[in-house]
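I set out to record two interfaces in this model. The entries follow in the order in which I looked them up.

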Amino acid sequence: MNEEELRRSEATMADLLNQFERILESDPQIDEVGFLHPSQFSELNKEAGHSPSFDDSTVLRSADGNSVFWNRDHKLGISTQILLPLYKTAKHAFMAASRQYKALNSKSDVSGDENSLCASLSLDNSFEGDVMKHSRALLLLSCDFGTAWHSRKLVVSHKHKLSDFLDELLLSALVLSYSPKSEYAWSHRQWIIKSIAGKCSTLSEIVTKDSELVEKIAERSKMNYRAWNHRCWLVTYMTREQLLYELKRSRNWASLHVADHSCFHYRSVRPCLLFVVILRDERLMLKILEEQCYKQEISSSGYSVETYQLWKEELDWDEMLIKRYIGREALWLHRRFLSLFWIKHFITNHTGVSSHGKQNNSMNNDFRIFMDNELHLLDSCSIIPDNSFDDYQSQAKHSATYILWLIKQIPDSRRIEFQEKLKTENLKALLNKACPERSSTWDSLVSYVEAAGH
Amino acid sequence: MGELAAEKHVQFILSVEKKKDSLEAVAMEHLRMNGAYWGLTTLDLLGKIQVLALFNKIDVLDVDKVASYKQIKSKRNKKILLNLIFNSDVAALQNKDGSFSGDMWGEIDTRFSYIAILCLALLHRLNKINVEKAVNYITHLNFDLPMPTAVFCCVGALAITGSLHHIDKDLLGWWLCERQVNSGDILIKSKAKPGGLNGRPEKLPDVCYSWWVLSSLVMIDRVHWIDKEKLVKFILDCQDIENGGISDRPDDAVDVYHTYFGVAGLSLLEYPGMKALDPAYALPVDVVNRIILGK
């Protein structure tokens, strides 16, 4: 390419970037971005052609007549053909603006002179605008460009305007529409929420909306751990009412989405979803517990009836699922979590204050009922029918490691009481039958649990 | 069992560096520094780092200089390196509770604890932070819901600071060894081969966890709780025998990230013919010895 051509192509690219940024400016409600192969443009046009709301502004063409952008109903499509040059141009423009913005800021920091400060303020505004404009374009092409996210944080925190923070939530959501796992986009949301917490009257509304956003994204992208991690994080900013409401909703959601109802067979459970739903439930429950500890000193009777009830319901829900969906590791791990807290908080007297005989008795009774229930669960889950599926072997393995784990967790004084029923050699035999390939692992685990008993 | 296609992997790593102007390369641009670490460490573990000389890269990247801070002879160079690190002031990112923020925006995570401790240890500057508080922060975390990546960061930070006695190795080892996938496991059947490690319950195994999980098991001395032979086989099955490189699981597309984690895993499993890797520093043992012990 000779120099003349090079200059011309650079000018074309600058035009394209301008066009792109104008679209973003003129339609601030764009909520979805996607990349289109040139052949998809004609299909979209055909579809749009049949609709009465069609107009020519939907498709934007480059100087050589090729379709490059598609913008309608607040959706934006970008041709894959121009992605690489557009990215390079946007990056170049952003880096230049960012350099100028930084240089100016460091200058006005040094010279305290008021006249020059006023002059630099108006300059500042224009560079600020450039940084915001170009970084937005850049992030819609390359979601994990850290320097661009960083510059936006600088500008927004410099300006201190709530509306700017809320605009950042929109941009992050837009980036997530084409890249739902973008680490930077999610962590940008956390930074925004942390920044406005305590300064914004509608925080709880924003948190609820964010939680819904995760749900929407989770339904679209098959398995998105990063999104669910954000939902777990949001729990920190929820009120008690919100927590209880979310927990209830989460169970309904799980029963709708965890199992794929188009197929009644238990194998159709979506295992990853099951795990993340459970993970979030655990966060919600811990937060509810924490809230309560914070609000009221724990009364002599331990936790409130309400929290007790909450835990009991979750244990029952988990047991129901264990029996319905045979051999799911996630459900058994959840049971370990629930049992640990059940033992720690409701059964053993963890406050250390010597309690009355009557109360002690009722606690002993609670513990016995709990352990009987768990041993009963072991019995019903450790049967491996002849000519069975592997799932029953998994179920037996999980139930045996669960009980082993429980033995490790219960206090020594209680362990003696159940020694007869909790023979570790029986559990080891069961494990070796259910999963013989890991026999050396079972040896290690059992000797660890046995050592703890002495 | 197949064998390690070391020569092919070297070729693969060198080829990645050459593809600079594709959309894929551009989309990965922010990972170039990571890519350099994955690629170089893999080459070194395979005993092939000298191939860089053939590509005239060795003068840009003086391996000895990079690997050994102690061997930087010129005082001026040493000063430049230190200034570089301390201008970003890792130590100042420690919070009152001992945790570390990732940058000025204040996100707190155990990965930042690990990175700060690792970086300062390599520079012989751990005295710039409150190590006791940093350790205390990690040991008081709620470990009910562990993720292998976070476990690695915590265990690695404790190992570097000589604080592994604070954790219940058996209890942690228990959770980690349950990450190895067995042939009877649900959803594993027909979809993947057993022996690999997964990151979360009921997920498919992935070669990268042969780093996160395995290195943690090595550090707490519980690696015998998993089936090492089966894991070696799983990693070898993830190789692209023809074009080099290792993928997340058999028959998927290869990348540098999984190539490094696969090779690193094999090194930790004492696969023959490879250099030893330090599980806490994530660097070859001889490099760590040179830097930390000055050997």
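Which domains does the domain assignment of chain B give? I noted domain 1 (1–60 + 168–295) and domain 2 (68–163), with bounds from an automatic or database domain assignment. This is a predicted model, in which local features need pLDDT of at least 70, side-chain atom pairs count only at pLDDT 80 or more, and totals for chains, interfaces and linings use all residues. Residues are numbered from 1 along each chain as its sequence is written, chains are lettered from A in the order in which they are written, and side-chain values use heavy atoms, without hydrogens and water.

**Entry 1: between the domains of chain B.** I found 22 residues of domain 1 in contact (heavy atoms within 4.5 Å) with 19 residues of domain 2. The two domains bury about 1,700 Å² between them, 79% of it on carbon and sulfur atoms; buried area is the accessible area (1.4 Å probe) lost on putting two parts together, summed over both. In domain 1, B:W212, B:Y281 and B:I291 lose the most area to domain 2, together 33% of what that side buries.

**Entry 2: between chain B and chain A.** Here 39 residues come from chain B and 52 residues from chain A. The buried area is about 4,000 Å², of which carbon and sulfur atoms give 55%. I recorded 4 salt bridges between the chains. B:K230 forms a salt bridge with A:E437, with the closest N and O atoms 3.8 Å apart.

Methods. A salt bridge is a side-chain nitrogen of Lys or Arg within 4 Å of a carboxyl oxygen of Asp or Glu.
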